[in-house]
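Here is a friendly briefing to read alongside the model on your screen. Please keep the viewer open as you go.

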Amino acid sequence: MVKANNAEKDEASSGPTFSSHDVINHENQPSRKAITKAPDGLYPKPIASSFNTFQIDAARRMHMLTINSRMPPRFKTPNSDPRDTKAGQSRHFHDEKSSESRSPDKNEQSTTDKDVQVQVPAMGCDDQNCQNPRCAHCGAVIIPAPAATFPFKDTPSISINDWEIYTARKPILTKEEIEHFESILGVPVPEMIFGNNKVEVLNSNKNLHICFNSLDALRTVSVDNKDILKVSYADEWFKSRAKAHHNDDDVLMEIIKPYDWTYTTHYFGTDLTVPEGGFVHDDSYTIPHDKLTKHSPILFFDDMTLFEDELGDNGISTLNIKIRVMHDCMLVLQRSFVRVDNVLVRIHDTRLYVDFEENLVVREFKRQQQDYDKLVKSCSRP
Amino acid sequence: MTCEIKSEVSLDLDECLQRLYKGQLLSETIIEQLCFKLKELLIQDSNLIHLASPITLVGDIHGQFFDLLEIFKIGGYPPDTNYLFLGDYVDRGYHSIETISLLIVLKLKYPSRVTLIRGNHESRQITTNYGFYTECATKYGQQSKVWKLFTDLFDFFPLAASIDGSLFCVHGGLSPNVQSIDSILVIDRFKEIPHDGPMADLVWSDPDIELLNFRISSRGAGYQFGINVVNKFLHLNGFERIYRAHQLCNEGYQVFWRGKVNTVWSAPNYCYRCGNKASILEITENLDANPKGFKFNVFDASPDSEKEFTQIENGLGSIDYDELSGDYDDDDNFGWQNVATGAPMNRIMKKAPYVEYFM
């Protein structure tokens with residue numbers, strides 16, 4: 001329940017979403033790394049200020065929606081009509097999407113399960129390890145395979161029509177891999193770094209390939225001094241240390257190679273290929289909650305951490321990613337959660353919604369930040 | 001202090017051990033007595049404990065009780081093996097209380113065989129945020145004072161140890177305020193770990209392979225230390241190597257500067273999801289006489305931890321301690337909890353959905 005910042009614009013905001021109609025004939029494009037090329041000042045800082053009633057209400061509704069959507073259908077309350085919340089949310093979200101241009105071949109893709117081509121493992125999967133089976137009863141991909149949980153060797157995948165979805169969950173990086181990462185990034189990696197984890201969404205017919213991984217996420221971590229927070233007791237600590245180490249050559253009292261040690265990321269996935277034109281920015285569009293709340297069976301579900309750091313026990317920073325794939329659509333939620341004790345709390349959400357029926361891809365961002373004290377005050381009883 | 005020792009009979013260390021090895025909890029009364037007894041013992045210790053090889057070093061455990069039992073299976077049970085634990089017994093894992101209780105009883109039973117030093121998680125402030133406080137409240141109830149008993153005891157833990165006079169062992173690392181051992185000896189350690197000063201640095205600081213001297217960390221508090229200060233410290237105090245814990249590493253151990261500084265990490269599959277290995281360092285001979293007389297014994301998560309992890313990971317259930325919150329009927333049970341008898345160690349109770357309709 002914190003302040004959403006509506007003012008920011010993202011790079012992807014320059015592009016459209018697309019329908020199959022738009023993109024189906026385009027040639028392959030060279031891969032494009034949106035994040036590494038991002039010019040300075042692309043990500044305006046969220047504004048920390050108090051939130052108003054309207055935002056509290058919107059957050060509450062969003063929370064309710066989440067709770068309701070987790071409940072089995074039979075417990076669903078009449079109040080949970082997602083449309084109620086739309087007006088409020090559109091103010092919180094930054095959506096890109098194309099528009100009302102629905103795909104003309106819509107009729108070919110019926111909503112009934114029979115016409116949906118589900119394939120496990122995914123059709124493009126050439127890895128012999130892709131052996132995660134489907135449940136005989138519900139058809140969902142079983143992750144992790146019960147006998148092969150540890151160490152994790154699962155590389156599950158699924159195909160729905162011409163969409164392919166892959167995930168991977170591996171142990172934290174080895175010393176050599178960490179050195180490799182650090183040589184690329186130039187900053188220390190988080191304490192727990194799951195550098196081989198990924199979520200990949202691919203449609204070769206439509207020339208779309210989006211990947212979520214920790215290396216690219218960490219590339220967006222700021223090394224700009226003005227973005228760098230200090231722990232709550234830093235000033236006090238520094239003052240007493242500076243005095244103690246006066247004339248002490250052994251101790252370097254300035255921060256060399258500063259970086260955002262909270263690992264706040266502005267990552268929204270790596271666009272390996274996107275159709276020409278890219279995403280269209282459209283703040284008025286929201287992810288269709290009615291489709292996501294209707295409880296069609298989940299065929300594929302995964303939940304993983306990309307990295308986590310306890311900030312030297314000054315709080316926590318995690319980047320988590322969840323994916324669920326149904327017959328008609330899929331949703332990825334990537335959440336960066338940062339808590340710096342007695343300083344602030346931040347949540348950066350990226351959602352990737354793919355509608356298989358309408359061949360629609362929506363990516364949405366939400367950045368929230370609040371001062372620690374204000375948040376605690378607003379949560380505690382009067 | 002209102003600690004009432006009823007009689008020596010009620011504090012039967014063997015029975016405590018028996019229960020703890022089975023994964024059962026001790027009653028609050030017993031814990032109170034154990035903490036009192038251990039304080040009596042530790043208050044006589046200096047800040048720096050002198051030990052001798054052969055000895056086995058254990059790094060962070062973080063409440064991974066089944067992995068602690070695994071350590072004993074691999075390295076031998078006390079008192080057959082001497083152990084030096086490098087701190088961070090609690091927080092993060094689901095069995096901090098079982099872990100610290102077992103270590104306390106072992107220390108009381110075999111004081112010269114088991115040594116516990118203090119890590120940065122042996123502190124009131126940190127345990128409030130990282131799980132130990134919550135675990136105490138969940139397993140013993142909001143009204144209980146076990147968290148206070150344990151954290152008061154932590155104030156008595158020594159800060160460092162030396163083995164054969166040639167190995168320096170500490171939880172975190174060096175401090176600009178600690179040039180020589182004497183500066184450790186003069187610390188008043190019987191207090192909460194402060195934010196600042198040598199006591200904080202010893203349990204907090206990290207080595208950095210690129211550094212020469214000390215550097216303040218990018219967080220704005222705390223130090224990283226480099227090779228020059230390591231050399232200076234080793235030379236001034238006649239040590240050969242530094243052994244420390246504190247930092248997660250996938251391989252279970254990490255060697256800096258050709259073994260001048262070494263990290264021992266003993267929590268496999270940390271937080272039940274890192275997939276990392278763990279190790280204990282077995283020092284079999286005096287390293288002065290034989291520099292190769294040590295071995296990092298690397299191991300994976302114990303089957304029990306793995307099982308627990310798998311079940312959490314699969315969303316098949318979560319740990320439920322409800323059955324432990326029964327009556328504390330000290331008279332009838334000589335201080336043992338009723339519920340502790342025969343409760344299964346892996347309490348997988350609540351069914352959760354395999355998948356989640358997140359939004």
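Predicted model: local features only at pLDDT ≥ 70, side-chain atom pairs only at ≥ 80, totals over all residues.

Residues are numbered from 1 along each chain as its sequence is written, while chains are lettered from A and ligands numbered from 1 in the order in which they are written.

**The two chains**

- Chain A has eight helices and 15 strands, and chain B has twelve helices and 16 strands; helices (H or I, at least four residues) and strands (E, at least two) are DSSP runs, numbered from the N terminus.
- In chain A, 41% of the 382 residues are buried, and in chain B the share is 49% of 359 residues.
- A residue is buried if 20 or more other C-beta atoms lie within 10 Å of its own, exposed if 12 or fewer, and partly exposed in between, with C-beta atoms placed from the backbone.
- Among contacts (C-beta atoms, placed from the backbone, within 7 Å) with a separation of 6 or more, residues 24 or more positions apart account for 75% in chain A and 71% in chain B.

- Helix α4(B) covers residues 96-109 and reaches 20 Å from its first C-alpha to its last, close to the expected 20 Å, which is 1.5 Å times one less than its number of residues.
- Of the 14 residues in α4(B), 13 are buried.
- Helix α1(B), residues 13-21, packs against α4(B) at about 150°, with the axes 10 Å apart; axes are lines fitted to C-alpha atoms, for helices over the stretch in contact, and angles run from 0 to 180 degrees between N-to-C directions.
- The α1(B) and α4(B) pair is therefore roughly antiparallel, the term for angles over 145 degrees.
- Residues of α1(B) in this packing include Leu13(B) and Leu17(B), and those of α4(B) include Leu102(B) and Val105(B).

**Glu251 of chain B**

- Glu251(B) sits in the loop between β10 (241-244) and β11 (253-256) of chain B.
- Glu251(B) counts as partly exposed because it has 17 C-beta neighbours inside 10 Å.
- Leaving out residues up to four places away in sequence, Glu251(B) touches Thr174(A), Lys175(A) and Lys277(B).

**An annotated stretch**

- An unreviewed UniProt entry places the feature "domain: Serine/threonine specific protein phosphatases" at residues 117-122 of chain B; such annotations may be inferred rather than shown by experiment.
- Residues 117-122 of chain B are 0% helix and 0% strand, and their end C-alpha atoms lie 9 Å apart.

Terms used
Contact = placed C-beta atoms within 7 Å. Parallel < 35°, antiparallel > 145°, perpendicular 65-115°, else oblique.
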